[in-house]
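Open the model in your viewer and keep the selection tool at hand. The tour goes from one selection to the next and says what is there.

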Amino acid sequence: MTASLVDMTLPSWASHLEHKLAPPHLLLVQAFVNTLDLDLRTDVLAHADEARAWLADAGLREPRQPDPDFAADLQLARDVREALRAMIAHNAEGNPLTTEDNPLTEAELRPLERVTSQAGLRLDVTPDGHVRLGTMTPARSLADGLAGLLLTIRDAQADGSWDRLKLCGNPDCLWAFYDRSHSRRGAWCEMASCGNRHKNRNLRARRARRAALSS
Ligand SMILES: [Zn+2]
C-alpha cells in the first residue's frame, strides 16, 4: 500500500485538493487535472499570472523562461490537462460518462504528441545498475515538465495505481479523485456533494416523468 497523505501537509501546489487524494506519486497529476474546478467555476490556468506561479510552484515550468512563450505554453498546459482528463475517464468502470470503446480523439492526442516530441527525455543508468528514463531536472520547458507527468502515468499504469485515478461521474463536476475503495467501484468525488446531487436529480426527473404520465 502506498503511503497515505492523511495527516500530511499538502504541498502548496495541491492546496486546492480536499478529499480522495491520490498517493504522493500521482498527486501532481491529480492536482494538475483539478486546476479546473467545474463545480466552483475556478481555473488556476485561466489567468497568466496565477498560471505562471502555479506551474513554477509545481515544478512544471522554469519561471525564468522568457515570457513571449507563455501564451503558447498556457494553451499547451490547458490542452494537455483535458487530454489527461480524457485518459482518466477511461479508468471509470461503469461510469456513465464513458464506454469501453472510447479511444482518445485526435484533438486529445495532439497536445500529448507535442509534449513527447518537444521534451528533452534522458536515459540514465544509475551506479546500482538501474535504467531510468527521466526528464531534464529542473524542467527546462513546460514540455519537459508535462513529459514528467506522462512518465509518472506510465509508472502508475505499470504498478496498477493508475486505474484508481478516476473522474467524478457527475458531468458538472468531472473532478479527478483517487478511488481507494476495496471494490474499486467508486464513482463520485464525494458522495455528499456529487453522488447525492446526481441521485436527487435523477429522482426529480423520474418524478417529473411520472407526474407528466399521470396528468
Ligand atoms: Zn464530483
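Select D179: its side chain reaches the backbone nitrogen of R185 at 3.3 Å. The D179 side chain also makes a polar contact with the side chain of S181, at 2.6 Å (a polar contact is a pair of N or O atoms within 3.5 Å; within protein, one must be able to donate a hydrogen and the other to accept it, and residues adjacent in sequence count only if both atoms are side-chain atoms). D179 sits in the loop between β6 and α6 and is buried, with a relative accessible area of 4% (buried means under 20%, with a 1.4 Å probe and protein chains only).

This is a predicted model, in which local features need pLDDT of at least 70 and side-chain atom pairs count only at pLDDT 80 or more, while totals for chains, interfaces and linings use all residues. Residues are numbered from 1 along each chain as its sequence is written, and side-chain values use heavy atoms, without hydrogens and water.

Next, select the zinc ion. Its protein donors are the SG atoms of C168, C173, C189 and C194, 2.3 to 2.4 Å away (donors are N, O and S atoms within 2.8 Å of the metal, or 3.2 Å for Na, K and Ca). The angles among the 4 donor atoms are 104 to 118 degrees, and the site is tetrahedral (for four donors, all angles between 85 and 135 degrees). C173 lies in the loop between β5 and β6, and C194 in helix α6, 21 residues apart. Both C173 and C194 are buried.

Last, select L84, which touches F32, V33, L112, L149, L150 and I153, leaving aside residues up to four places away in sequence (contact means heavy atoms within 4.5 Å).

Terms used. Tetrahedral: all angles 85-135°; square planar, octahedral: opposite > 155°, others 65-115°. Helix = DSSP H or I, 4+ residues; strand = E, 2+ residues; numbered from the N terminus. Buried < 20%, exposed > 50% of the residue type's maximum accessible area, 1.4 Å probe, protein only.
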